[in-house]
Amino acid sequence: MPESTSYPRRTSRWLAALALTLGASSLMAAELIPFSASYAADMKSIPVNGEANHSLVSNEDGTWTLNFNAGMFVARLTEQSTLRLEEDRVIPLTYKYERRGLGRGRETTQTFDWTNEQVTGVHKEDPFSLPTEPGLLDKTTYQLALQRDLMAGKTDMYYRVVDGDSIDDYHFRVTGNKRVTTRVGQFDAVEVDRVREPDSKRETTLWFAKDFNYLLVRLMQTETDGQEYRIMLKEATLNGEPVVGTPVGGDE
């Protein structure tokens with residue numbers, strides 16, 4: 001397939017990579033902290049750049065709203081979750097996904113009814129219903145759980161996630177530490193891999209800044225066709241304060 005006609009398919013993969021991995025990166029052991037972050041992204045060998053924005057805001061009723069949007073080429077993706085924190089656990093309440101600009105758009109909605117132990121919604125225009133289970137998360141709130149677990153010192157993390165109209169297993173593992181350079185300086189980061197099936201050719205590696213509540217500062221994903229996606233932090237605030245790393249070339 002000529003490279004020009006493969007842009008939409010590759011753009012869709014890039015958006016999926018961002019949606020899957022950019023998380024609310026501003027957590028402490030017993031509370032959530034409002035944050036905003038923006039990221040620059042590119043696909044190796046393709047001269048198209050993208051951007052993504054993520055934010056977490058508190059609501060008057062004690063719940064929180066997590067917003068995410070990303071754009072590249074002619075595509076746009078948005079996600080929104082509402083959630084609450086209960087006994088130090090992230091509890092999803094609603095989730096909405098929308099993608100536009102790549103042929104036919106796609107929407108998913110999910111409502112978590114914990115009293116009646118059901119998750120109901122619509123995926124690809126078809127209604128669905130699933131039973132809840134302890135610790136069940138959606139495709140953005142699992143990221144909160146991941147970063148809270150990193151702050152707690154865990155190195156092997158498993159999550160049950162409502163993905164579309166089914167429940168999937170997500171597994172992540174800490175693989176080391178690294179000094180990561182971004183547009184706002186250098187950060188001492190923990191390196192995390194998403195663990196997939198042994199024969200999977202897809203690879204995802206993430207780096208979280210230790211000194212900034214494990215803010216996601218960099219991501220690299222390799223698809224099954226060898227295409228690489230790279231995401232880098234370009235601006236962020238935690239509780240209204242700017243995130244600034246060590247100047248490049250500064251003290252190690």
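Trainee: How many aromatic pairs does the structure hold?
Mentor: Six aromatic pairs. Rings of Phe, Tyr and Trp (its six-membered ring) pair if their centres lie within 6.5 Å; planes under 30 degrees apart count as stacked, over 60 as edge-to-face and the rest as tilted. One is F112 with W114: the ring centres are 5.9 Å apart and the planes are at 20°, so the pair is stacked.

Trainee: Before we go on, what sort of model is this?
Mentor: This is a predicted model: local features need pLDDT of at least 70, side-chain atom pairs count only at pLDDT 80 or more, and totals for chains, interfaces and linings use all residues. Residues are numbered from 1 along each chain as its sequence is written, and side-chain values use heavy atoms, with hydrogens and water left out.

Trainee: Back to that pair. F112, buried or exposed?
Mentor: F112 counts as buried, at 5% relative accessibility. Buried means under 20% relative accessible area, exposed over 50%, partly exposed in between (1.4 Å probe, protein chains only). W114 is partly exposed, at 25%.

Trainee: And Y142 with F172, stacked or edge-to-face?
Mentor: Stacked, with 5.9 Å centre to centre and 20° between the planes. The pair links distant parts of the chain: Y142 sits in helix α2, F172 in strand β12 (residues 166–182), 30 residues apart. Helices (H or I, at least four residues) and strands (E, at least two) are DSSP runs, numbered from the N terminus. Y142 is buried at 1% relative accessibility, and F172 is buried at 2%.

Trainee: What does Y159 touch?
Mentor: Leaving out residues up to four places away in sequence, Y159 touches L137, Y142, A145, L146, D149, D168, D169, Y170 and F172. Contact means heavy atoms within 4.5 Å.

Trainee: New topic. Which residues touch the most other members of the largest nonpolar core?
Mentor: L150, Y159, F172, F208, L215, V217 and L233, out of 41 residues. A nonpolar core is a set of buried Ala, Val, Leu, Ile, Met, Phe, Trp, Tyr and Cys residues joined through side-chain atoms within 4.5 Å. Helix α2 (residues 141–151) gives the most to this core, with five residues. A second, separate core has seven residues, including V119, F128, L136 and I167.

Trainee: Why is α2 called largely enclosed?
Mentor: Because 10 of its 11 residues are buried. Among them are Q143, Q147, R148 and D149. Just after α2, G153 takes a positive phi of about 90°.

Trainee: What about A40, where is its place?
Mentor: In strand β3 (residues 35–43). A40 is buried at 11% relative accessible area. A40 and E235 are 195 residues apart in sequence, yet 9.3 Å apart in space, C-alpha to C-alpha. Beyond neighbours within four places in sequence, A40 contacts G50, R183, R230, I231, M232 and K234.

Trainee: What's the average pLDDT?
Mentor: The average is 84, and 83% of the residues score at least 70. pLDDT is the predictor's confidence in each residue, from 0 to 100.
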